Amino acid sequence: MDWLAEFPSLGKRDLRDLKKGIDGSFREWSRSNGDAIEAFFDPLYFFLVWLEKLLIATPWPIILIIVAGLAYLGSRSWKLALGSVVSFMLIGYFGMWKDMMATISLISVSTLICIAVGIPIGILMSRYDRVQSAITPILDLMQTIPIFVYLLPVVMLLGIGRVPGLIAVCVYAIPPIIRLTNLGIRLVDKEILEAADAFGSSYRQKLFSVQIPLALPNIFAGVNQTIMMALAMVVIASMIGVKGLGMPVLQAVQNQYLTLGLMNGLAIVALAIIFDRVSQRYGQRLQAHRYGKEHE
Amino acid sequence: MSKTKLKIENLYKIFGPRGKSFIDPVKNGMSKQELLDDHSHVLGLNNINLDIPEQRIQVIMGLSGSGKSTLIRHINRLIEPTAGAITVDDEDILSMSQLQLREFRRKKTSMVFQKFALLPHKTVAQNVAYGLTIQGEQESIAKEKSHKWIESVGLSGFEERYPAQLSGGMQQRVGLARALATDAPILLMDEAFSALDPLIRTDMQNILLELQKDLHKTIIFITHDLDEALRIGDNIAILRDGKIIQKGDPQQIIMKPADDYISDFIKDINRGKVIEVKSIMQKGSSKGASLNSSCSLEDALKVLNNEKNNECSVIDGKGKKIGKVTLDAAIGALFRERDSRNKEKYK
């Protein structure tokens, strides 16, 4: 009864050959195509480097003014703007200014990419049920697969550096914006859509003047989630050579530098809170018309 | 009788994935219940035939689930029929391409919805101009036109408000102005006033009737409220289980209800106010005072009672004598319904 005790499996040698075969052919493929793929992502690399250099080269008082301005414009709250400036000053005071700029540039670029790619996909999903049922499992996969599993092929293809880090961050952070764009558009009141149809709107007119504006609060919740998840990836991205606040945390973990880890970790938390509160307030203000507050 | 604007012929709608395959069984007498129980398909409309005259108000009345909202959505093809024909100005609606249909919806029809269906993120002015904007009308012209309609529904000064800042009645005025702004000759009103308080509803009915005096649109008005139907309808069609069971002008419906269902429907109305003298007119003429043919019974009774022989002549709109009416006939018309009931009760 041996065959009952042990699960029937592929022989050890066959299994090894199978793995080796796949590994080998992927390695070969990545060797022959690596340069082309790297060249494809070059613009991204240059943009990322340019933004990072720009942020670091900009005098710090100007950055603080921009931060205060953006925080106030987003949230219309002086408290939040002041809080953001104070946090930035503290982070800079403890010597993390450059790392913070690098992290902010990574987060900004990856969020922009996620928006540029995610919103159109979400719109397609909301329009065609088939696209929705095809993409939903892919999103599930992206959100549940252990990060290191897809980090590996990315590194094999593109080596270590900013671009593979950026791709890893985007893969991890893009699902919420796709999902919430799709959901937001699908949740738009059927009667309002019927009215748009009854007046002879084309699909494009309906999309841009009714569906997207009414889905904006949800889409914005997606943007908020995407930013948060991108920030959560900062430490992991530093494992494949992305500079920023994640790198010292990684060093701290490897060398048991308690204070270094704590300081950089808290800096990431502070950034996360600022991004979250500002973008959330902005999203709430987008719905002001629903409660009739804006013009009263 | 004015010209027919809109013609609906042998229209069927069966909801469900295989609706088309049940057309023949339904035509051969399969009932709504049978279709639902045995085949899980819902019979929405069953052989609708209706000629809607130009520049009149056609009311389609029925209780919820009778198919009236389904029917009105066939006219601009928000719902596709399973079988049948719909023509507007002798043009076949059902053979239109998507592009033609869009053009038809922009230029020929406009719609007012039960729950207003305004765009919550746009101001009153932008909402009213919506139909014009999507037609690509210049902003200044759209603004000017919509301003005129906002004024005509009595909402001047509210242009920059958002719908959520307005009461229900005001929101529906916006809905009405939006529908009128495109100058479409056909106005579809789907229970447009049903969600409003009774007083505001009467208000809106007055606004509609007042506007109609100048606009002469072909209005298809859906309602479940008989008083409303009698008040504003030039013609009424009564729908039950997806079938038209009676059509005619309000007087015909009250004086000659087609079946018990309709008799039951009209039993609580104030006959004195609704029935007009012309419905009980006899041949001949009288020497006494004369009554207009559209005078209500209630008003006629006073005059008749004061006449010596309780008779009056009936004149038409131009003052020409067209018949006479007696007090007995008037009282008879008032109490006919109740009489027959009482007889049964006291037998």
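This tour moves through a predicted two-chain model, from the whole chains to single residues.

Residues are numbered from 1 along each chain as its sequence is written, while chains are lettered from A and ligands numbered from 1 in the order in which they are written. Because the model is predicted, local features need pLDDT of at least 70 and side-chain atom pairs count only at pLDDT 80 or more, whereas totals for chains, interfaces and linings use all residues.

**Stop 1: chain A as a whole**

Along the principal axes, the C-alpha atoms of chain A fill a box of roughly 80 × 60 × 45 Å. Of its 296 residues, 33% are buried. A residue is buried if 20 or more other C-beta atoms lie within 10 Å of its own, exposed if 12 or fewer, and partly exposed in between, with C-beta atoms placed from the backbone. Among the contacts in chain A with a separation of 6 or more, 76% join residues 24 or more positions apart. Two residues are in contact if their C-beta atoms, placed from the backbone, lie within 7 Å.

**Stop 2: a helix pair in chain A**

Next select residues 147–158 of chain A, which form helix α7, and residues 162–173 of chain A, which form helix α8. Two packed helices are described by the angle between their axes and the distance between the axes. Here the axes come within 10 Å and cross at roughly 145°. Axes are lines fitted to C-alpha atoms, for helices over the stretch in contact, and angles run from 0 to 180 degrees between N-to-C directions. The crossing of α7(A) with α8(A) is right-handed; a crossing is left-handed if the near helix is turned anticlockwise from the far one by less than a right angle, and right-handed if clockwise.

Show the side chains at the contact. From α7(A) come Ile147(A), Tyr150(A), Leu151(A), Val154(A), Val155(A) and Leu158(A). The partners from α8(A) are Val163(A), Pro164(A), Ile167(A), Ala168(A), Val171(A) and Tyr172(A). By class, this contact has 12 nonpolar, no polar and no charged residues. Ala, Val, Leu, Ile, Met, Phe, Trp, Tyr, Cys and Pro count as nonpolar, Asp, Glu, Lys and Arg as charged, and the others, Gly among them, as polar.

**Stop 3: where the chains meet**

Now display both chains. Their contact takes 20 residues from chain A and 22 residues from chain B. On the side of chain A, the elements that give two or more residues are α10 (190–198), α11 (203–232) and α15 (288–291). Which of them gives the most? Helix α10(A) does, with 6 residues. The side of chain A that touches chain B divides into 8 nonpolar, 7 polar and 5 charged residues.

**Stop 4: chain B and its domains**

Of its 347 residues, 41% count as buried. Colour domain 1 (54–82 + 97–266) and domain 2 (271–346) separately; these bounds come from an automatic or database domain assignment.

**Stop 5: an open sheet in chain B**

Find the open sheet of 4 strands in chain B, with the order β2-β1-β4-β5 and antiparallel pairing. Two strands pair if DSSP finds at least two bridges between them. The edge strands are β2 (42–53) and β5 (91–92) of chain B, each pairing on one side only. Strand β4 (residues 83–88) of chain B and β5(B) pair over 2 bridges, and Val88(B) has Glu91(B) as a bridge partner.

Helix α3 (residues 68–75) of chain B packs on this sheet, touching β1 (4–15), β2 and β4 of chain B. In α3(B), 7 of the 8 residues are buried, including Leu71(B), Ile72(B) and Ile75(B). Just after α3(B), Arg77(B) takes a positive phi of about 55°.

**Stop 6: a covered strand**

Finally, select strand β6 (residues 109–112) of chain B. In a regular strand the side chains alternate between the two faces of the sheet. Thr109(B) and Met111(B) lie on one side, Ser110(B) and Val112(B) on the other, and all are buried. Strand β6(B) pairs in the parallel sense with β7 (residues 186–190) of chain B over 4 bridges, where Thr109(B) has Ile186(B) as its bridge partner.
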